[in-house]
Amino acid sequence: MISLRPVACAALVVLALPGLAACAPEAGAPAGETATPAASGLSVSNARVVLPPVAGNPAAVYFDLAYAGAAGVTLEDVTVDGAGMTMIHDYAETAGKMEMTMAGPVTLAEGAPVSFAPGGLHVMAMEPTDALKPGGTAKVTLTLSDGSTTTVDAPVRAAGDER
């Protein structure tokens, strides 16, 4: 008598393959990562990472943004290869003095450039590692509210260099 168990198992494998393939990362994506779409309409210029004067203190990240995409999109996150967590900061007046504050999502709008610069919006890159060296570059990735990302190579500058 022929057992139907091997035939049924083979049929299940054949039927499940298309579903399993849909769960795989996109072709070309590094193992363990899923590909995210590039941020459409976002242009990043003048990006740079400025190291702290004292090792172990946070580094600062500055750049200029221009946007020509869909309305209602915000900059949600910035990451820096070679650093721990990052925070988007701004300065605000509180009780008559300027203080650094956490910035919420940064609104992007067509025709309204946004500058991350000393004394204004900036990114603090906590726990910079030895991978960030003056004269080198760091990958800086910006993530938008629509899930898209843009990565730029930013020159790394020593404390005291032009910011």
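Hi everyone, this is a short walk through one predicted protein model, from its overall fold to a few individual residues.

Some ground rules before the tour. Residues are numbered from 1 along each chain as its sequence is written, and side-chain values use heavy atoms, with hydrogens and water left out. Because the model is predicted, local features need pLDDT of at least 70 and side-chain atom pairs count only at pLDDT 80 or more, while totals for chains, interfaces and linings use all residues.

How confident is the predictor? As a reminder, pLDDT is its confidence in each residue, on a scale from 0 to 100. The mean pLDDT of the protein is 82, and 77% of its residues reach 70 or more. Please be careful with residues 1-35, where pLDDT stays under 50. For that stretch the model has three contacts beyond four places in sequence, a contact being heavy atoms within 4.5 Å.

Now the fold. Reading from the N terminus, the order is α-β-β-β-β-β-β-β-β-β-β. Of the contacts with a separation of 6 or more, 64% are between residues 24 or more positions apart.

Of the 163 residues, 31% count as buried, meaning under 20% relative accessible area, with exposed over 50% and partly exposed in between (1.4 Å probe, protein chains only).

Which residues make the nonpolar surface patch? Tyr-91, Met-98 and Met-100 do, with about 300 Å² between them. Patch members have over 30% relative accessible area and no salt bridge; nonpolar side chains (Val, Leu, Ile, Met, Phe, Trp, Tyr) are joined within 5 Å, and like charges within 9 Å. Tyr-91 sits in strand 4, residues 86-94, and is partly exposed because its relative accessibility is 33%.

Next, side chains that meet. The whole structure holds one aromatic pair: the rings of Phe-63 and Phe-116 have centres 4.3 Å apart and planes at 25°, so they are stacked. The rule for rings of Phe, Tyr and Trp (its six-membered ring) is centres within 6.5 Å, with planes under 30 degrees apart called stacked, over 60 edge-to-face and the rest tilted. Phe-63 is in strand 2 (residues 59-67) and Phe-116 in strand 7 (residues 114-116), 53 residues apart. Both Phe-63 and Phe-116 are buried.

There is also one salt bridge, defined as a side-chain nitrogen of Lys or Arg within 4 Å of a carboxyl oxygen of Asp or Glu. Asp-153 pairs with Lys-139, the closest N and O atoms being 2.8 Å apart. Asp-153 belongs to strand 10 (residues 149-157) and Lys-139 to strand 9, 14 residues apart. Asp-153 is partly exposed at 49%, and Lys-139 is partly exposed at 40%.

Most residues other than glycine have a negative phi. Asn-46, in strand 1 (residues 42-50), has a positive phi of about 55°. Glu-127 has a positive phi near 50°, and lies in the loop between strand 8 (122-125) and strand 9 (137-144). Asn-46 is partly exposed at 45%, whereas Glu-127 is exposed at 59%.

Key
Accessible areas come from the Shrake-Rupley method with a 1.4 Å probe; for residues, only the protein chains shown count as cover. Helices (H or I, at least four residues) and strands (E, at least two) are DSSP runs, numbered from the N terminus. pLDDT is the predictor's confidence in each residue, from 0 to 100.
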